[in-house]
Structure formats: structure tokens, C-alpha cells
Amino acid sequence: MIIYCGGQGILQRYDLKQISREISLLQEKGVNVVHKGKYEGEFQFLGRLTKPIFTVSTLREFMVLEKDHPESILIIQENRKTLFPSEQVLYQQRYKNKELLLLRPL
């Protein structure tokens, strides 16, 4: 017996193809991509990434890193997208029960 539950909506919440492509395009332009929190390689295969994604534990660490690399972009998962001004958000998508954001420094 097969039971279908949730339809396409639930699958889209776990699909990382588009954000992985966005990260790949940024890296091709020479942008450093930094992930806040634990990164387990979830964008590497889908984005065909050839450069590493750096990690930081806090936003403060990112701000220090950004001083030396102002072109850096931050990947962050948050419960709310309203924490950041819209001009800072390059890309956003629903991921699991949170918002997955690509942020440029202000």
C-alpha cells in the first residue's frame, strides 16, 4: 500500500537544487560563501561546487571575516525572514520549517 501525504509542498521544502545553483553562480563570480552553523555539504553535489563553503558559528564571526573579504555572502537558516532588510536578501526559500537565506553584508 502506498500512502501519499503532503503533495508537492512538502517536497519543495526539502529541495536544495535552486539555492545550490545560486551558490555555484556566486562562487563562479569569485564570491566567498559562508555558512552560519554546522555545514554538512548539502549544497556541494547539487550545485556542483568546486570551492569550499566556509563556516562561522555566529554573525559576529561573519562580520570579522567580512572585513577582510567584503564580497562574502552568508547562508543562514532563520525562523523568520523579517530579521533582515530586503536589500540584504539575495535569495530566500522555505527549507524544512525555516527560511534559508543568502545574505549580502550591509
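Predicted model: local features only at pLDDT ≥ 70, side-chain atom pairs only at ≥ 80, totals over all residues.
Local features were taken at pLDDT of at least 70 and side-chain atom pairs at pLDDT 80 or more, whereas totals for chains, interfaces and linings use all residues. Residues are numbered from 1 along each chain as its sequence is written, and side-chain values use heavy atoms, with hydrogens and water left out.

Helix α2 comprises 12 residues, 17–28, and spans 17 Å from its first C-alpha to its last, close to the 16 Å expected at 1.5 Å a residue; the expected span is 1.5 Å times one less than the number of residues. Helices and strands are DSSP runs (H or I, at least four residues, for helices; E, at least two, for strands), numbered from the N terminus. The buried residues of α2, where buried means under 20% relative accessible area, exposed over 50% and partly exposed in between (1.4 Å probe, protein chains only), are I19, S20, I23, S24, L26 and Q27. Viewed down the axis of α2, these buried residues fall within an arc of 160 degrees and therefore line one face of the helix, the arc being that of the directions from the helix axis to the C-beta atoms. An α-helix has 3.6 residues a turn, so residues three or four places apart point the same way. The cover over the buried residues of α2, assigned by contact (heavy atoms within 4.5 Å), includes β1 (33–36), α3 (44–47), β3 (73–78), β4 (89–95) and β5 (98–103). Helix α2 is followed by G30, which has a positive phi near 90 degrees.

Rings of Phe, Tyr and Trp (its six-membered ring) were paired if their centres lie within 6.5 Å, with planes under 30 degrees apart counted as stacked, over 60 as edge-to-face and the rest as tilted; the count by this rule is 1 aromatic pair. This pair, formed by Y39 and F43, is stacked, at 5.7 Å centre to centre and with 15 degrees between the planes. Y39 is buried at a relative accessible area of 18%, and F43 is likewise buried, at 1%.

Positive phi values in residues other than glycine include those of R48, near 50 degrees, and K96, near 55 degrees. R48 belongs to the loop between α3 and β2 (54–56) and is exposed, with 56% relative accessibility. The charged end of R48 sits over the ring of F45, 4.3 Å from its centre, under the criterion that NZ of Lys or CZ of Arg be within 6 Å of the ring centre and within 35 degrees of the ring normal. K96 lies in the loop between β4 and β5 and is partly exposed, at 37% relative accessibility.
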